[in-house]
Amino acid sequence: MDQDNVSRHRLGEKEIILVGTAHISRESVELVERIIDEEKPDTVCVELCRARYQAMTQQDLWQETDIIKIIRQKQTSLLIAQWLMASFQNRIAERLRIRPGEDMLAAIRKAEEIGARLVLADREIRVTLTRTWRGLSFWGKIRLIQELLASLLFSPEVGEEEIEALKKQDVLETAIADMKDKFPSIKETIIDERDRWLASCIGEAEGEKIVAVIGAGHRAGIAENLGTALKRETINRIPPPAVWSRLLGWTIPLIILTLILAGFIYSGNKAGLGMLVSWVAITAAFSGLGALVMLAHPATIIASALAAPLTTLHPLLAAGWVAGLTEASLRKPRVKDFISLKQDILSFHGFFRNKITRILVLIALVNMTTSIGTFVAIPVMMRHF
């Protein structure tokens, strides 16, 4: 393992030792501890961002999750994606009876023991996931969601060969390894960009001797990019939504309003009123249905139905957010929901049982059923002409 996963590099006055690890391997933990003990580096770099570092080292951080704040900041999809990937990683690690990311925790502990500086060298996971999401086409996003849900629903046995393959991959790469051929843009944002980012942070770290603990799948890319100038802001920007999505967001409301107005002008008040009633009834019914499927509070179902006819006419609003805020206010997650969250995300049943994940799924489902209702309503409205 040492020969294949440890390499030494010179960068000016610095000696950089790259330690490639598997995030679910006991062997990797032992390797990290031994290398840091033997080398006594000035600085230890780890493949973590601030958010992931806090999630690993602050066990009560999950209990501080402000679900209402997350809904208001429109970060529910991002959080669901993170938890789906965490679920995949945790289920594999559970079979191996090791805590996910134990290699990184070992590096952090050893850095503290020898008094070395600790550098969090990875790009923020929020930026990585958002850049990945924005880089996908509409149908690519649909397929990616299907793949992530499939990873939650189906839990195949992992044999020795698969485990050895996983040892060559990064924590995020592991969760989407089978998707790279289907989604070429994913490799660029999750692997290649992070190779350059990690190499830049490691190369700029203080000290004459630096040990960098990184996923084995990143080692070659980091070695290749060490010493290469990088303007980090170029790959740290969150790109705006695609033009087509923004245009579509305003085009559909404009079509609906134009249809209703045309109904009043060209077919009379009865037709116009019929179109308006059809629009309200259908969008409200589909939105309420989404909340009903999730067995939401009756007030949440009503709020979803009332909000849908209005939110569907404004691209910056969504019935799912109304449903989520209402449900979170009426059925507030309790301490036990936060405590059991890490275990609950390991299964499909747990995702729907836990109040926190249940609210996030409710938001996504109500938004989806409301969108379906929008497209169902349009041909129905046109019959009134």
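1. Let's begin at a pairing: leucine 11 has lysine 14 in β2 as its bridge partner. This is a predicted model, where local features need pLDDT of at least 70, side-chain atom pairs count only at pLDDT 80 or more, and totals for chains, interfaces and linings use all residues. Residues are numbered from 1 along each chain as its sequence is written, and side-chain values use heavy atoms, with hydrogens and water left out.

2. β1 (residues 6-11) runs antiparallel to β2 over six bridges; strands are DSSP runs (E, at least two residues), numbered from the N terminus, as are helices (H or I, at least four). Two strands count as paired if DSSP finds at least two bridges between them. The two form a hairpin with two residues between them, and glycine 12 in the turn has a positive phi of about 65°.

3. On β5 (residues 209-215), β2 has a parallel partner, joined over seven bridges. Here threonine 21 stands opposite glycine 215.

4. Is β2 enclosed or open? Eight of the eight residues of β2 (14-21) are buried, so the strand is largely enclosed by the rest of the structure. Buried means under 20% relative accessible area, exposed over 50%, and partly exposed in between (1.4 Å probe, protein chains only). Lys14, Ile16, Leu18 and Gly20 point one way, while Glu15, Ile17, Val19 and Thr21 point the other. In a regular strand, side chains alternate between the two faces of the sheet.

5. Lysine 40 sits between α2 (26-39) and β3 (43-46). Leucine 295 lies between α13 and α14 (298-311) and is exposed, with 59% relative accessibility.
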